[in-house]
Amino acid sequence: MTYHPKSDFMGVMIERGFMADCTDYQGLDEALIAGIVPAYIGYDATAKSLHVGHLLNIMLLRWFQKTGHKPITLMGGGTTKVGDPSFRSEERPLLTPDAIDANIDGMKQVFAKYLDYGDGPGDALMLNNAEWLDGLNYLDFLRDIGRHFSVNRMLSFESVKSRLDREQSLSFLEFNYMILQAYDFLELNRRYGCRLQMGGSDQWGNIVNGIDLTRRVLDNQIFGATTPLLTTSDGKKMGKSAGGAIWLNGDMLSVFDFWQFWRNTTDADVGRFLKLYTELPVDECERLGALGGAEVNAAKIILAREVTTLCHGAAAAEAAEATAREVFEKGGIGDDLPTLALSAADLGDGISVVQLLVRSGLAKTGKEAKRLIADNGARMDDAPLTDAGLVLDRATLSAPVKLSAGKKRHALVRLAD
C-alpha cells in the first residue's frame, strides 16, 4: 500500500490491515475529511448468529464509527430470499420469511455489542433491504434498473464464472442477486445519503456494480472498499474449527469456547489478529506479535481477553480466563466449561462414554469418538480413556465428570437438578 491517507479512518484501515482494495483512495479520503460519511455493509440472514468470519467487517464498522462516521448495518431481509451465489458451489436453501426474521433478531444482538445505534449524526443505523425490495414491480424494475446491466459483464465476474467453469448450476434466481445488491447501494444513497459500501474482497464485483448503477441513475459519486479474505497462517478459513463455526452469540457457543478459540491462535497469526480484532495500539500489537517461545502464550491470552471482552463483556472474559487457568494450569474442573446436563431419561440404566463425547460436542459422530479413544486423544477427569465400551451410571455421575478431546477441548457432564 503506497497511498498515504489523511483521514483517521483510512489510516486505521491501512495501518491495521483492513484494506484489500478501494475504488478511489484519494476521493474516499477527501470525502472522509470533509464530513460525516454514511457507509454500509450488508448481511444476509442465513443463520441466527454471525460468526468469527464476520468479525473482521464488524470491527471495521466499529472503527468507522469511532473515527466519526455513520455505519449502516443492512440486513438482507429481501436478498436472503434469493441467496448470494458468490463463490458457492451450490444454491443456498431458501428460507421462509419467519425464519429470516428470527435470524435477523439473533444477528441484531451481535451488532448491539459493537456499535452505538440511535438518531444522531454519527449513530449507527440498522436497515432491512426488504423495505425497498419487497414492493418492487418486476416490469418497472426491468425497465428502470435491468437495462443498465450487461449480461456479458455479469458472466465475467469470478463468482459466476467459477460456477460455470465447473459446470455447476447457477439459477436465474441467484443470477439476479448481483442486480439486487447493486440496487441496495442505489437506494441507500438515494434514501440515506450512503456514500460507501464495504465488504469482503469476494464482494468486489457486486460493489462495483452498485457504484456504476448509482452513477448512471443518480449521477452521484460513491465509493467501495474491500477487506482481505482471511485465512489462518496454516491455510484454514477464518472462523472455522474442528467443532464447527465460531458463533458470536453466547447461546450458540459458550464464552469459554469462544475465548479458547482465540487462545489457540497459531503463533504466526497473533500480531495480525491483535491489529484486526482488538483496539490495542498498533505498536503494542506488533510488540506482542513479535514475542517468541513460551512468551507468545501471554500474547495469545491478551488476544483472547480483548476479543472476548468486546464480544461478551469484561466479566465473561475474566470468567473464561479463570476457567482456562483452572483447567490447564491447575488440572481442575472449571465452573465455566461447556456443560452437558443429563436427565434421568437420558441416563436410563447408564450411558456410554462414546455417546457422551458426541453429545457434549467433543466428537461429531460415534465413529469419531471411538477413533479419538483408540488414538489416546480422549480423557475423563484427566485420566486417559482407553475403553470405548465404558458405560457411566448414576453413581459415576453423582459428581460432574470432565471429558477432554486432545489438550484444548473440554466439557463437563453432570446430572440435571
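The protein chain has 19 helices and 15 strands. Those are DSSP runs, numbered from the N terminus: helices are H or I with at least four residues, strands are E with at least two. A caution: this is a predicted model, where local features need pLDDT of at least 70, side-chain atom pairs count only at pLDDT 80 or more, and totals for chains, interfaces and linings use all residues. Residues are numbered from 1 along each chain as its sequence is written, and side-chain values use heavy atoms, with hydrogens and water left out.

Overall dimensions next. The C-alpha trace spans about 75 × 45 × 40 Å along its principal axes.

Packing. Of the 417 residues, 48% are buried, meaning under 20% relative accessible area with a 1.4 Å probe, protein chains only. Take contacts (heavy atoms within 4.5 Å). Among those with a separation of 6 or more, 73% join residues 24 or more positions apart.

Which order do its 6 strands take? S1-S6-S5-S2-S3-S4, in an open sheet with mixed pairing. Pairing requires at least two DSSP bridges between two strands. The edge strands, S1 (21–22) and S4 (125–128), each pair on one side only. S1 pairs with S6 (residues 223–227) in the antiparallel sense, over 2 bridges. There, Cys22 has Ala225 in S6 as its bridge partner.

How values were computed:
Buried means under 20% relative accessible area, exposed over 50%, partly exposed in between (1.4 Å probe, protein chains only).
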